[in-house]
Each structure stands twice: as C-alpha cells, then as structure tokens.
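Please read them alongside the coordinates.

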Amino acid sequence: MLGYVAIGIPCGILCDSIGLNALQVFLLSALFYSGAGQFMIPNMYLAASPLASIIASVSLVNTRQMLYSASFAPECQGVSKRLAFFFAATVTDESYGVSTARFAEGGWSVDRALMVNLFSQSSWTLSNVAGVLVGSAIGIPLDIAAFAMTAIFICLLVTQRMTSANIIAAVLAMVGVYACKALGLGGPAILLGALLGVAGAMAFAAVRDRRIVVRSAAMDERARAGEGDAAEVVSGSAAEKPRSRQGGEPR
C-alpha cells in the first residue's frame, strides 16, 4: 500500500496536468485500476495523440491482465464465481506478484488474495486523488512524475530471484521494448516486450527441463546396465562352484 502512494501521487499530478478533477480521477482509479494505463493516458494526451490511439494503446497494454487472471484459474477452482470474478477484476502487477508468491508457499486463499487487491486498489485510488488535489503545488517536473511507473517495475525486478529464466525474461523484455520503440511501435511496446521475455524464458525452461530428463534417463540406463553386469558376475560365480565340486576340489 505504501508503494502505491509513491506512484499514485505522481499519477494524480499527471492527471491534473491534463485537466482531470478529483472526482474524475477517483472514478478512473476505482473502475479502471491500471497503473500503466493511467500513466499512459495523460502522457499520450500531452503528446497530442488522437483519442482512438490512446484507447487502442491502453487496451493493448492492459491485455496482460488476462494472463495474470488466467494463471490463477487453478487456485480459483472450488470458490464461488462472484469471488473469482472480483478477484480476477482487481488483480494488477504488484498484487499479482504478492499472490503468486503466497500461493506457491501455501496457506493462502482467494479471499485473502482479494483483500490484498482491494487494499492495494484503495491505496492507489486515494493516492491519485491526493495527487490531483496537491497538483502543481509540489512542483514535481512531469518527466520525473512519468518515470514513477518505470521505477516501481525496476523495484519489482530487483526483488525477484535472479534465476537463469528470470534473467533471460528481463533481458529479452528490455530488448523487445527498445526494439519496438525504435521501430515507432510505442503503444504495444510494453506488451510485445513482455511477451518476448515470457516466451524466451519458457523456451529456456523447456530446453533445460528436457536436458534434465534426458540426463536422468541416461543415468538410470547406466545404473540398470551396471546392475545387469553385476548379476551376470554373480550368476557366473554360482555356475562355477558346482563344476569345481565335480572336479573333486575341496570346498
């Protein structure tokens, strides 16, 4: 919740710069609830982007929310459809990271995850309203305010476990976003970069897991071969003992 204060106030300042009032920002934050989308709206408006372009770009960026919600489908089995609906509708980047870790640890439930979402949404909404009310009185340059969303993604990145798959995902995502923006695809850059990072990490994990399976199978095969050789030695020794007795040698 404190993290949302740090980015909600700059977002409110940006919204104030394009003429949105406190009620409009409150409704936008409570109903829309997309940090990246809400930062994009005033930035694209200040850049004189057409309304249709703003709507299309923000909608495209927010398609990642479908991936977040879909990944929680196994955890939502057995809960009411109403609870699953409100949980899925309030998932965002930061609460997704929290709930994913909690579900992996165990002892976590959908209703607890929903409360995390709602507390986060409340903090985000109130912080945006506070940013509008304060407005330009703080004197924060718009460029710095616009960087707040990027800053929180950097914070989320550095708190992740630096596994090989995570490093590949981060590097490919950055390369993908940079390449898209270099080609003039500023709107879908975040989505395409994220998809590239996820696809690269999944491909790496699949190849790694396959190598592990092949290596394990090879070790099992060698172990079985070793057991077969040992059995042949034992059986050969057992076959030699009766022959030696028949030859009259002492036992």
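1. Helix 3 and helix 4 are roughly antiparallel to each other, because the angle between them is about 155° and angles over 145 degrees count as roughly antiparallel. Helix 3 covers residues 35-46 and helix 4 covers residues 51-61, and their axes lie 10 Å apart. The crossing of this pair is right-handed. The model is a predicted one, and this holds for every point below.

2. The contact between these two helices brings Ala36, Gly37, Met40, Ile41, Met44 and Tyr45 of helix 3 against Ser53, Ile54, Ser57, Val58 and Val61 of helix 4. Sorted by class, the residues of the contact of helix 3 with helix 4 comprise 8 nonpolar and 3 polar, with no charged residue among them.

3. For helix 2 and helix 8, the axes come within 9 Å and cross at roughly 160°, which makes helix 2 roughly antiparallel to helix 8. The crossing of helix 2 and helix 8 is right-handed. On the side of helix 2 the contact is formed by Ala22, Val25, Phe26, Ser29 and Ala30, and on the side of helix 8 by Gln121, Trp124, Thr125, Asn128, Val129, Val132 and Leu133. The contact of helix 2 with helix 8 has 8 nonpolar and 4 polar residues, and no charged ones.

4. Helix 8 (residues 110-134) also packs against helix 1 (residues 2-17), where the axes come within 6 Å and cross at roughly 40°. Helix 1 and helix 8 are therefore oblique to each other, and their crossing is right-handed. From helix 1 the contact takes in Tyr4, Val5, Ile7, Gly8, Ile9, Cys11, Gly12, Ile13, Cys15 and Asp16, while helix 8 supplies Ser120, Ser123, Trp124, Ser127, Asn128, Gly131 and Val132. By class, this contact of helix 1 with helix 8 divides into 9 nonpolar, 7 polar and 1 charged residues.

5. Which elements give two or more residues to the lining of the second largest pocket? That pocket holds about 200 Å³ of space, and of the 13 residues that line it, the closest to its centre are Leu31, Phe32, Tyr33, Ala89 and Thr90. The elements in question are helix 2 (22-31) and helix 6 (81-89), and helix 6 gives the most, with 3 residues. The lining of the second largest pocket is made up of 8 nonpolar and 5 polar residues, with no charged residue.

How values were computed
Residues are numbered from 1 along each chain as its sequence is written. This is a predicted model: local features need pLDDT of at least 70, side-chain atom pairs count only at pLDDT 80 or more; totals for chains, interfaces and linings use all residues. Side-chain values use heavy atoms; hydrogens and water are left out. Axes are lines fitted to C-alpha atoms, for helices over the stretch in contact, and angles run from 0 to 180 degrees between N-to-C directions. Helices (H or I, at least four residues) and strands (E, at least two) are DSSP runs, numbered from the N terminus. Angles under 35 degrees count as roughly parallel, over 145 as roughly antiparallel, 65 to 115 as roughly perpendicular and the rest as oblique. A crossing is left-handed if the near helix is turned anticlockwise from the far one by less than a right angle, and right-handed if clockwise. Contact means heavy atoms within 4.5 Å. Ala, Val, Leu, Ile, Met, Phe, Trp, Tyr, Cys and Pro count as nonpolar, Asp, Glu, Lys and Arg as charged, and the others, Gly among them, as polar. On a 1 Å grid over the protein atoms alone, a cavity is a set of points where a 1.4 Å probe fits but cannot get out, and a pocket is an open set with protein on both sides within 12 Å along at least five of seven lines; lining residues have an atom within 4 Å of a point. Grid points are joined across faces, edges and corners, and a volume is the space filled by probe spheres set on the points.
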